[in-house]
Amino acid sequence: MGRTITEKILAAHAGLAEVHPGELIKAKVDIALGNDVTAPLAIDEFEKAGAQKVFDPNKIVLIPDHFTPNKDIKSAQLCLKMRRFAKAQGLRHYYEVGRMGIEHAFLPEQGLVLPGDLIIGADSHTCTYGALGAFATGIGSTDLAAAMITGEVWLKVPESIKFIFWGKLRPWVSGKDLILYTIGKIGVDGALYQAMEFVGEVMDQLDMDSRFTMANMAIEAGAKNGIIAPDNITLAYVKSRAQRNFKLYQSDKEASYKTVYEFDAADIEPQVAFPSLPANTMPISQVPNISIDQVIIGSCTNGRLSDLRVAAQVLQGHKVHPDVRLIIIPATQDIYRQALIAGYIEIFLDAQAVISTPTCGPCLGGHMGVLAEGERAVATTNRNFVGRMGDSRSEVYLTNPAVAAASAIMGRIANPEEI
Amino acid sequence: MKIIEGRVWKFGDNIDTDVIIPARYLNTSDPEELAKHCMEDIDSGFSKKVRKGDLIVAGDNFGCGSSREHAPIAIKAAGIAGIIARSFARIFFRNAINIGLPIIECPEAVDKIESDTLIRIDLSSGLITDIRNGKSYRATPFPPFMQELIAAGGLMNYVMLQQRL
């Protein structure tokens, strides 16, 4: 019987010839990741257990990105704990503010995660790296502590669901819309415990940035991982970045799937996810007049260079609506520099946007754009739960960067075609 | 494995980690501090109303969203002794097992048990009993490896045993 790409990567890391859905395995990890919210708890557990040394100082990545640059004294303490641990353990991959990026944009950019890897991260959006043809999944702090000691993680082999995208993308439609549309169809637990595998002629043409966005939001359908088999686009991306060997896996033709969904890209407009679930989607053409107070363009979902490019295209020659604050957050230092060289930053400044250093900040209501009671935001982020971006009576509408930029200009949720 | 008995707090579907413990409180990992804000965005004062040993009964996809372990820690420190749900989001599921917060999936019990009811859970057999009317429901027991984890008192104790730390 054939095997899926997810099953093949898991088998290779468990030292088994093959694995089957439902099976519990212990697998070796290539990279274990933590951030300033989750790593301090893991470090506490590591120390409480009496562990002295991490299993491999080259395979642990720690990045302060959530409440950084430190938003308050408590956050500063958490970062200090992480920084001291990284130094004491001689971790090669600790990246300080000014040299870092939002973890899920930064790790692929720096070639720290590669096709065929098994990556765990104490952050739910770790599933982003599935876009490289890797198995990547979010875990908790205790899991991270255990992995830092043993180099292993326990996993249940997931069943796989195949999503086939046919046809050609409509104007202003990106990976964000494909994944929001998918979550809208299957629900926020539509892929619970399962692998989401994205294939089809649309995927074959899709750039890496859009692929990262799709794999990133697999968790919003409850999935264990999202995955896209590596191809020439993947190889072109990793070739100049990889500093170690990697392995390419593909699903067998006769691999079995729990469900197969087929979507025609002709049916997919830019999507808007209404409060308070990412599955609460509506095509842009059906969205009524909804006035807004703030727009966020950034995050591990949509803070990459092509996201900023689209935003710049829409914003060029326009000003942000007088009642709106537009906050733009390049996801890494390198993306920031590229956006500067390309002239996007100047367009944003001319449009009267705020440009922030890389941070997760507003996405989770941390800092850099927290909402007051009753305020509404359009955001290119990944979650619109109650209170996600601030007060429990504030609202978040999730969109792609083009819709977000158009909305910032119009002062209401708007279609980029209106600009 | 023990038997737990407590009063039920009922919640709906898709209770996410942002409402279990809002990110604005994640600048600390102190369990007592986290417990004070548990569920405050959907049930303000929850932490004050809960009595030690109470139980949560919830719908589908409990704990969806972030990987923050602060969520099960907040619930546990608030005094909640266990959770029954129709289903759990997978990272929350792992985190709860890893920190030793008992959780059980049993859709039938969730559909039938009402808020404020006193119930008993036998964690080893997965038997849930509504003390008021005597009705009982059976949950699927955990696979052997997870039972080992739970018996060891969570993942770190298990790792310490394995590594002889």
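This is a predicted model: local features need pLDDT of at least 70, side-chain atom pairs count only at pLDDT 80 or more; totals for chains, interfaces and linings use all residues.
In helix α4 of chain B, the residues His70(B), Ala71(B), Pro72(B), Ile73(B), Ala74(B) and Ile75(B) are buried, where buried means under 20% relative accessible area with a 1.4 Å probe and protein chains only. Residues are numbered from 1 along each chain as its sequence is written, chains are lettered from A in the order in which they are written, and side-chain values use heavy atoms, with hydrogens and water left out.

To stay with this helix: 6 of the 8 residues of α4(B), residues 70-77, are buried, so the helix is largely enclosed by the rest of the structure. Helices here are DSSP runs of H or I with at least four residues, strands are E runs of at least two, and both are numbered from the N terminus. The buried residues pack against α2 (39-48) of chain A, and in chain B against α1 (17-20), α2 (31-36), β2 (55-58), β3 (82-85) and α5. After the helix comes Gly79(B), with a positive phi near 115 degrees.

I turn to the interface. Contact, defined as heavy atoms within 4.5 Å, links 44 residues of chain B with 52 residues of chain A. The two chains bury about 3,800 Å² between them, 61% of it on carbon and sulfur atoms; buried area is the accessible area (1.4 Å probe) that two parts lose on being put together, summed over both. On the chain B side, Asn27(B), Arg90(B) and Arg94(B) lose the most area to chain A, together 20% of what that side buries. The rule finds 2 salt bridges across this interface, a salt bridge being a side-chain nitrogen of Lys or Arg within 4 Å of a carboxyl oxygen of Asp or Glu. Asp18(B) forms a salt bridge with Arg388(A), with the closest N and O atoms 2.8 Å apart.

Which residues lie closest to the centre of the largest cavity? Among the 22 lining residues, they are His66(A), Asp123(A), His125(A), Leu364(A) and Arg388(A). A cavity is a set of points on a 1 Å grid over the protein atoms alone where a 1.4 Å probe fits but cannot get out, and lining residues have an atom within 4 Å of a point. Helices α4 (103-109) and α10 (299-302) of chain A each give two or more residues to this lining.

Key. Buried means under 20% relative accessible area, exposed over 50%, partly exposed in between (1.4 Å probe, protein chains only). On a 1 Å grid over the protein atoms alone, a cavity is a set of points where a 1.4 Å probe fits but cannot get out, and a pocket is an open set with protein on both sides within 12 Å along at least five of seven lines; lining residues have an atom within 4 Å of a point.
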